[in-house]
Amino acid sequence: MSNHLEQIFSAAVEPPASARIPDFTEQREYLIDGKLLTWQGDLAPVRSPICVKTDKGLEQKIIGSTPLLTSKESLAALDAAVRAYDLGRGAWPTMRVAERIEHVERFIARMQEQRQLVVNLLMWEIGKTQKDAEKEFDRTRDYIVETLNALKELDRNSIRFVQEQGIMGQVRRVPLGVALCMGPYNYPLNETFSTLFPALLMGNTVVFKPAKFGVLLIRPLLEAFRDSFPPGVINIIYGRGRETVGALMESGKVDVFAFIGTNQGASELKKMHPKPHRLKAVLGLDAKNPAVLLEDADLDNAVSECVTGTLSFNGQRCTALKILLVHRKILQPFLEKFTAAVGKLKPGMPWEPGVALTPLPEPGKPAFLKGLVDDALQHGAQVLNPHGGEIHGSFFSPAIVSPVNERMRLYHEEQFGPVIPILPFDDDEEAIRYVVNSQFGQQLSIFGKDSKRIARLIDASANQVGRINLNTQCQRGPDTFPFNGRKDSAEGTLSVSDALRVFSIRTLVATKTTAENKAIVHNILTQRESSFLSTDYIF
Ligand code: G3H
């Protein structure tokens, strides 16, 4: 045990009143077909990353429990969604867009009432700092509001008729069917809702299974979901992935699979679907985003971007910088400044003012990270910063590891935690090779000033990754920008407007432009006889 970290959990004994959550939440409720049902079976304990002292040493505090549903309940949830969709004839998939929007607006108002509790649960369940937890909540609400606005815009644009070669047509977007939405533990609210709400708004019905951590924070929203949507439109289940989600995929009744997690997990689940050609997948997967620091980079900017890029939320972001490729000519000055900046980051509890580093929610994660560091040490690297890699319970002190080479796991594997591999290079071609040969292809950051060299790196990477960031860390936002990835990093593109597209398909009504046909269409429109063929304008 390290002295320097010994006090880290002492603030957990007396958190401020504003950061408290109920002592223990035994959740038994789950949502199927518009009803909150009560589970009488086994429960899974919810372990906080925040540790408490026990006779056996530091242990993750148990803050509640959630239902361990079986395949029977998850299939019941799926059946409710299938009924509500009713082969596309259900009230929800055929509802006018303006009405669907009203349902979601009702939800947003109810969600806002739970802000404090959800924010506190984000701190206690996944160790997100208060500032970042508040940001996650507000960003999620804003994302849903922006999605409503994008949908209104999409709907307004589809009012017009296209006239081509004597044929007139109106093209609109319609739902795909039943969606299964699963999000990750690092953004258990934001990333799940950024697929769930576009799916709902486009008229799909949904089965939603919360992430493996950040589960209790959905509980305060269950009533809002129940009251805001017609029965069966949104169903929320809990339990082990294999047992619950496996059964859903095997049923063949899932039409859209929205999943943020590992590529192995996504592949295994996709394979279970008996008719893979009928399954549309929207996936956000692993990444190993590199930063390339050229020798003319503005060092202060590069250091500041790389500190947040590698370590915000302890490096547990899919978009985090996971390896820093530093030109050998600036290696020493960069490492000095970077090590000093990392040393200034404050470790502590999520609610403490100015805290930047917090404990990790995944049991076994410190040991996994230690394994990566040990492997690098065996192959000739060193930990450069004081206390780097020290472990205290669920807390792992950030480790800057250099020089990293191809034989090390840290070169290839996504660490998803506070370990920062440094890879020195001499020739830009080495950096390009790293990007091209990587199994992943989400994003890349380039730091430098020489436009010619930067342009060459851009051109060499443009067909490899989904976003190239100049003198800036990798990130998803702004949420109106496309967010995707190549290779094992993603399937499909998300953004406020793109998500509406991925959860829908275009259908059109077309007819020869004869007087008789025009009269029929005119009647349908003026008498408002169809929900689909319509020129109703949403204000
Ligand atoms: O974990 C992946 C998130 O989508 C990253 O979003 O770049 O805004 O932190 P962010």
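The side chain of Glu414 makes a polar contact with the side chain of Lys322 at 2.8 Å. A polar contact is a pair of N or O atoms within 3.5 Å; within protein, one must be able to donate a hydrogen and the other to accept it, and residues adjacent in sequence count only if both atoms are side-chain atoms. This is a predicted model: local features need pLDDT of at least 70, side-chain atom pairs count only at pLDDT 80 or more, and totals for chains, interfaces and linings use all residues. Numbering runs from 1 along each chain as its sequence is written, and side-chain values use heavy atoms, without hydrogens or water.

Glu414 sits in the loop between helix H13 (409–412) and strand S21 (419–425). Helices (H or I, at least four residues) and strands (E, at least two) are DSSP runs, numbered from the N terminus. Glu414 is buried, with a relative accessible area of 18%; buried means under 20%, with a 1.4 Å probe and protein chains only. Its side chain also reaches the backbone nitrogen of Ala287 at 3.5 Å.

Now the ligand. Residues around it, with a heavy atom within 4 Å, include Arg139, Tyr187, Arg317 and Phe483.

| Residue | Protein atom | Distance to a ligand oxygen |
|---|---|---|
| Asn186 | polar side-chain atom | 2.9 Å |
| Glu191 | polar side-chain atom | 2.2 Å |
| Arg476 | backbone N or O atom | 2.7 Å |

Taken alone, the ligand exposes 300 Å², and the protein buries 94% of that. Areas come from the Shrake-Rupley method with a 1.4 Å probe.

Notes
Buried < 20%, exposed > 50% of the residue type's maximum accessible area, 1.4 Å probe, protein only.
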